[in-house]
Amino acid sequence: MAKKSGAKDVDSNGRKVVASNKKAHHDYHIEDTFEAGMVLQGTEVKSLRLGRASLVDGFVDIDNGEAWLHNVHIPEYAQGTWTNHAARRKRKLLLNRAEIDKIERKVSEKGHTVIPLQLYFVKGRAKIEIGLAKGKKSWDKRQSIASREADREKVVELGRRLKGMRD
């Protein structure tokens, strides 16, 4: 299958993933996820179709009953003219009222925040997956790294035994 855009391949859910926040699961416990649409300008969509975006410093803020995405970097479109967008402008998220109220209640609790997890296209529409998250402590991070390495060692050892290799 030939790719037409710069976005990565289609995943199992039929989504063309543009960017993902890989450190989010390392730094936070993700309690709940939501899919939201975004209000974008034309050059932002063209830049996203080329597969260019960064979610690293992004966060979501609820202001006057509306969800806003801050600090997500979508670089300027190279062929854009004076109509180009600002790379780190705040963008409105399209969520329904019940989802916004749920997020607002949880964020008011201490230690909770909302972070972007993935930016992707579904049926030609740009969507963002946001996660309701609680920050991990440093010992939580060490524990998750140790369990991941133990799982990896188990898989390697099982493979060696199945091949008949003794060590």
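## Close-up views of a predicted model

**View 1. Arginine 91 is buried, with a relative accessible area of 1%.** Buried means under 20% relative accessible area, exposed means over 50%, and partly exposed covers the range in between (1.4 Å probe, protein chains only). The model is predicted, so local features need pLDDT of at least 70 and side-chain atom pairs count only at pLDDT 80 or more, while totals for chains, interfaces and linings use all residues. Residues are numbered from 1 along each chain as its sequence is written, and side-chain values use heavy atoms, with hydrogens and water left out. Arginine 91 belongs to strand S5. Helices (H or I, at least four residues) and strands (E, at least two) are DSSP runs, numbered from the N terminus. What does the side chain of arginine 91 reach? It makes a polar contact with the side chain of glutamate 44, at 2.8 Å. A polar contact is a pair of N or O atoms within 3.5 Å; within protein, one must be able to donate a hydrogen and the other to accept it, and residues adjacent in sequence count only if both atoms are side-chain atoms. A polar atom of the arginine 91 side chain also lies 3.0 Å from the backbone oxygen of valine 72.

**View 2. Arginine 91 and glutamate 44 form a salt bridge.** Their closest N and O atoms are 2.8 Å apart. This pair links distant parts of the chain: arginine 91 sits in strand S5 (residues 91-94), glutamate 44 in helix H2 (residues 42-49), 47 residues apart. A salt bridge is a side-chain nitrogen of Lys or Arg within 4 Å of a carboxyl oxygen of Asp or Glu. Is glutamate 44 buried or exposed? Glutamate 44 is buried, with a relative accessible area of 0%. Arginine 91 is buried too, at 1%. How many salt bridges does the rule give? The count is seven.

View 3. Aspartate 151 pairs with lysine 154, and the closest N and O atoms are 3.5 Å apart. Aspartate 151 is partly exposed at 42%, and lysine 154 is exposed at 56%. Arginine 161 meets glutamate 157 in another salt bridge, 3.3 Å from N to O. Arginine 161 is exposed at 53%; glutamate 157 is partly exposed at 34%.

View 4. Thr43, Glu44, Ser47 and Leu48 are buried in H2. Just after H2, glycine 51 takes a positive phi of about 85°.

**View 5. Alanine 36 is buried in strand S2.** Its relative accessible area is 0%. Which residues does alanine 36 touch? They are Leu93, Leu94, Leu95, Lys127 and Ile128, not counting residues up to four places away in sequence. Contact means heavy atoms within 4.5 Å. The C-alpha atoms of alanine 36 and asparagine 96 are 8.9 Å apart, and these residues are separated by 60 residues along the chain.

**View 6. Histidine 70 lies in strand S4 (residues 66-70).** Histidine 70 is buried, with a relative accessible area of 18%. Leaving out residues up to four places away in sequence, histidine 70 touches Asp57, Gly58, Phe59, Asp61 and Lys90.

**View 7. Two arginines sit over rings.** The charged end of arginine 15 is over the ring of tyrosine 120, 4.1 Å from the ring centre. Arginine 49 lies over the face of phenylalanine 121, at 4.4 Å from the ring centre. A charge sits over a ring if NZ of Lys or CZ of Arg is within 6 Å of the ring centre and within 35 degrees of the ring normal.

**View 8. The whole protein has four helices and seven strands.** Along the sequence the pattern reads β-α-β-α-β-β-β-α-β-β-α. Of the 167 residues, 34% count as buried.
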